[in-house]
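Please consider the sequence and the three-dimensional model shown below.

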Amino acid sequence: MHAHDLSTRFRRVMLAALAAPVLGACGGIADDGDAGKDALAPLCDGVAIDAGAVGCNGKVIQLSSASACGIDAPPAVPSNVCTNLCGGPNYSCTYDSSTDLLTCQSFCTGRLPSGLRDDFAGARADAVGDWLARAAYLEAAAVDAFAILAAELGAHGAPRALVRAAERAGADEVRHAREMGALARAFGGEPAVPSVGPRNVRAVAEIALENAIEGCVRETFGALVATWQAEHASDFRVRAAMKRIARDETRHAALGWRVFDWAASRLGSADRLHVEHAMQVAVAELEAANRAEPDRRLARTLGLPNSREALALVAAMRSELWQSRAA
């Protein structure tokens, strides 16, 4: 798949999302004005009960009392509660009042290396600065992801064009990290430096599995969201940056699908089915991660889709690309 073809698909998906019917709200993060600035009530308590049950580095927290934590209108969750209980500003939350379970969803887009240590701890800013600092951190981590991909493709005799494309993508991510970092600092944030553990060359089946999740689903959706932000961000600096980044990320996502095709040609039927199943699970995780409503100022400034729009984008992408290509 080429970037032009993917860009055309993105346009159809965005038009479909804009035409989607408006559904009733189902929880999410409440817009509480000074989100994340106030400490939780002293009686608020939460215990992580199954950190591995939620994809994209998410977690599930058992609350002792929703009202003690400031959740006064379930299922809506004030963003300061989400930030404090989940452990940072990089989460969206959903709350189940029947079980007192709070589910924290982290970023679910972009290509990340599996050896990434989730040690993000940038300097605290407002919601916009925090989001941009996290984005800069993930862009920097993608530099390693593409370096690893290029090395592994070369080791397995992949076409030189794929190796060069991965190397070029890594160079793009260096620029993206620098640009997003500058934006984060403009809003009071300070990106952390990612740390990626040592890696050995893996089997093609392992490369294909990671690429299906990180490239064909998360990075593809990340490129789509960047395209959306380039048109909807109220801040002119964000619009300009996302226009440049979206163009590169669309090319990176197209590379993911080219790697998908190359790997599939070298896998047996059982491994191909495993990769296709993992892709559909990743799509389901992406859908779950977008059920929470983003902070309104954050969405407006950065041009992020609201929950209805994000879920419509996921549904349209499933119909336009993920189902047909996986099959």
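Predicted model: local features only at pLDDT ≥ 70, side-chain atom pairs only at ≥ 80, totals over all residues.

Residues are numbered from 1 along each chain as its sequence is written, and side-chain values use heavy atoms, with hydrogens and water left out.

The protein chain contains 9 helices and 8 strands; helices (H or I, at least four residues) and strands (E, at least two) are DSSP runs, numbered from the N terminus. Of its 327 residues, 51% count as buried. Here buried means under 20% relative accessible area, exposed means over 50%, and partly exposed lies in between, with a 1.4 Å probe and protein chains only. The accessible surface of the protein chain is about 14,100 Å², and carbon and sulfur atoms account for 53% of that surface; the areas come from the Shrake-Rupley method with a 1.4 Å probe, and for residues only the protein chains shown count as cover. Among contacts (heavy atoms within 4.5 Å) between residues at least 6 apart in sequence, 77% join residues at least 24 apart.

Two helices can be checked against their expected span, which is 1.5 Å times one less than the number of residues. Helix 4 (residues 160-186) has 27 residues and should span 39 Å at 1.5 Å a residue; its end C-alpha atoms are 40 Å apart, which agrees. Just after helix 4, Gly188 adopts a positive phi of about 90°. Helix 7 (residues 269-289), with 21 residues, reaches 30 Å from its first C-alpha to its last, close to the 30 Å expected.

Which residues of helix 7 are buried? They are Val275, Ala278, Met279, Ala282, Val283, Leu286 and Ala289. Viewed down the axis of helix 7, these buried residues fall within an arc of 145°, so they line one face of the helix; the arc is that of the directions from the helix axis to the C-beta atoms. An α-helix has 3.6 residues a turn, so residues three or four places apart point the same way. On the other side of helix 7, Ser269, Ala270, Leu273 and His277 are exposed.

The structure holds 2 aromatic pairs. Rings of Phe, Tyr and Trp (its six-membered ring) pair if their centres lie within 6.5 Å; planes under 30 degrees apart count as stacked, over 60 as edge-to-face and the rest as tilted. The ring centres of Phe221 and Trp322 are 6.5 Å apart and the planes stand at 40°, so this pair is tilted. The pair links distant parts of the chain, with Phe221 in helix 5 (residues 204-232) and Trp322 in helix 9 (residues 307-326), 101 residues apart. Both Phe221 and Trp322 are buried.

Thr220 also lies in helix 5 and, at 0% relative accessibility, counts as buried. A polar atom of the Thr220 side chain is 2.9 Å from the backbone oxygen of Gly215. Not counting residues up to four places away in sequence, Thr220 touches Leu6, Phe10, Gly215, Ala253, Trp257, Met317 and Leu321.

Glu309, in helix 9, counts as buried at 15% relative accessibility. With the same exclusion of residues up to four places away in sequence, Glu309 touches Ala17 and Trp228. Ala3, in helix 1 (residues 3-18), is partly exposed, with a relative accessible area of 27%.

Key. Polar contact = N/O pair within 3.5 Å; in protein donor to acceptor, adjacent residues only side chain to side chain.
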